[in-house]
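Subject: Structure for you to look at

Hello,

Here is the structure I promised you. Please open it and keep it beside this message as you read.

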Amino acid sequence: MRMYDLIMKKRNGGVLSPEEIRFMICHYTAGQIPDYQMSAMMMAIYFQGMNEEETLNLTMEMAKSGEMLDLSSIHGIKVDKHSTGGVGDKTSLALGPMVAACGIPVAKMSGRGLGHTGGTIDKLESFPGFSTSIDTEHFIRQVNDIGIAIMGQTKDLAPADKKLYALRDVTATVDNMSLIASSIMSKKLASGADAIVLDVKTGSGAFMKAEEDAFALAGEMVRIGNGAGRHTTAVVSDMDQPLGFAVGNALEVREAIDTLNGKGPEDFVELCLTLGAEMVVAGGRASSQAEARNMLMEKIEDGSALKKLAEFVEAQGGDSSYVYEPEKLPVAAMIKEVKAEKSGWISHIDCDEVGICSLILGGGRETKESDIDLSVGLVLAKKAGDTVQTGDVLVRLYGNDENKLCEAAERYIKACHIGDEPTAPHKFIKGIIRE
Ligand code: URA
């Protein structure tokens with residue numbers, strides 16, 4: 001088989017066979033196909049597309065290009081959650097303990113963040129001593145002991161995707177539905193869960209800005225997951241403004257703790273209950289979403305979800321007293337209030353811009369090597385649909401540098417649009433795809 005022939009076949013609109021896809025991925029991972037040929041193939045796929053079978057085969061080959069984590073020694077049905085990411089997305093921090101408290105084993109691999117805030121691992125490092133550098137044996141034992149563990153993504157997880165994603169990033173071939181879906185799902189399948197619940201975001205702070213694209217991606221990933229024999233569902237949720245009020249690492253941890261104390265923001269609680277209900281049903285602990293939601297709410301009300309977070313932090317070397325005394329979490333030296341310059345209704349908040357404000361304050365990474373400041377970020381005081389009077393606080397910025405605070409404030413005031421008419425409320429959960 002020759003890569004040249006495969007490129008020509010796809011360029012001319014042909015369908016790649018399972019053997020051809022296997023050849024291409026195995027040889028590319030092994031360094032036997034050069035980047036220039038693979039770039040040409042990615043561009044051919046970008047224009048000609050892939051059918052469902054090709055997309056599933058590509059996903060499976062990328063998943064199998066490295067270690068497929070074997071979680072069979074963990075008792076029960078393992079359900080993983082994946083979010084396509086957004087601003088203020090602290091879902092795993094609250095949802096993991098809620099679901100684990102319902103008896104579903106949570107065995108999750110997470111990454112560090114690149115962009116406006118850190119990833120789940122960075123956020124968890126707000127607890128002094130917390131570490132995700134645990135080996136697979138520790139990971140499995142901890143899930144069997146306390147029902148939840150989070151480890152850093154191993155280098156050997158879907159290495160073909162790692163190489164391909166980096167190549168797509170510099171050849172303008174990221175935004176193809178089959179390539180995105182196979183990239184995300186290859187990592188999920190390799191992480192070993194029996195069932196997968198996806199949170200696909202849509203809106204100005206999401207990867208998929210248009211709702212129809214988010215539904216198409218969700219549908220494609222659900223097909224792949226089920227085609228690979230893993231029970232998969234997807235929730236499409238709003239990311240047209242930040243999730244909850246807090247954006248920034250320690251600030252988000254604090255909001256997740258508030259949520260487990262029954263004092264969470266309405267949209268964030270709704271998202272945790274919706275995703276959690278899918279996970280509890282997939283994990284066989286409830287026969288309907290309504291029953292699962294009640295279970296999850298009970299775990300918040302009786303304090304067992306918060307206790308589970310403390311156990312989890314402790315088991316991974318962190319100081320769990322911070323769970324009960326969140327005021328000990330890192331906090332920036334300065335707080336700057338940004339105030340409304342006119343009265344009216346908040347019509348829209350440019351979500352990506354809010355993420356950039358957090359990045360300016362030091363809460364995210366511009367490059368993989370950058371340091372992250374866990375203490376900075378912002379807490380919104382008003383969200384879309386709220387009324388404001390001139391001089392009302394729109395947001396509180398947390399920073400350690402006066403110049404950066406001023407730059408973020410200028411940016412925020414432009415990102416927060418105040419209109420003269422009441423705004424129709426956002427539909428937060430846009431839909432759920434189950435098959
Ligand atoms: N996230 C991924 O992991 N892969 C993509 O292709 C796009 C987003």
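**A pair of histidines and their sheet**

Start at His348, whose bridge partner in strand 12 is His417. One thing to keep in mind throughout: this is a predicted model.

Strand 8 covers residues 344-349, and four bridges join it to strand 12. The two strands run antiparallel.

**Helix 16**

Next, find helix 16, residues 351-361. Its buried residues are Cys351, Val354, Gly355, Cys357, Ser358, Ile360 and Leu361. What do these buried residues pack against? The list has strand 6 (246-247), strand 8, strand 9 (377-380), strand 11 (393-399) and helix 17.

Is it buried or partly exposed? Its relative accessibility is 28%, so Ile356 counts as partly exposed. Buried would need a value under 20%. Leaving out residues up to four places away in sequence, Ile356 touches His116 and Arg411. Ile356 and Gly118 are 238 residues apart in sequence, yet their C-alpha atoms are 13 Å apart in space.

Just after the helix comes Gly362. This glycine takes a positive phi of about 110°.

**A buried lysine**

Move to helix 9, residues 177-190, and pick out Lys188. Why does Lys188 count as buried? Its relative accessibility is 6%, and the cut-off for buried is under 20%. The side chain of Lys188 makes a polar contact of 3.0 Å with the side chain of Asp80. Asp80 is also one of the residues that Lys188 touches, once those up to four places away in sequence are set aside.

**Strand 13**

Go towards the end of the numbering, to strand 13, residues 429-433. Four of its five residues are buried, so the strand is largely enclosed by the rest of the structure. Its partner here is strand 5, residues 231-238. Four bridges join the two, and they run antiparallel. Within this pairing, Ser237 stands opposite Ile429.

**The whole chain**

Now zoom out. The chain has 17 helices and 13 strands. How many of its 435 residues count as buried? The share is 57%.

The C-alpha atoms fill a box of roughly 70 × 45 × 40 Å along the principal axes. A compact globule of 435 residues would have a radius of gyration near 22 Å. The chain has 22 Å, so the two agree.

Contacts tell you about links along the sequence. Take those with a separation of 6 or more: 78% of them are between residues 24 or more positions apart. Last, the surface. The chain exposes about 17600 Å², and carbon and sulfur atoms supply 49% of that.

Best wishes

Definitions and conventions:
Residues numbered from 1 in each chain as written. Predicted model: local features only at pLDDT ≥ 70, side-chain atom pairs only at ≥ 80, totals over all residues. Heavy atoms only, no water. Pairing = 2+ DSSP bridges. Rg over C-alpha atoms; globule rule 2.2 N^0.38 Å. Buried < 20%, exposed > 50% of the residue type's maximum accessible area, 1.4 Å probe, protein only. Contact = heavy atoms within 4.5 Å. Areas by Shrake-Rupley, 256 points an atom, 1.4 Å probe, with all protein chains shown as cover. Polar contact = N/O pair within 3.5 Å; in protein donor to acceptor, adjacent residues only side chain to side chain.
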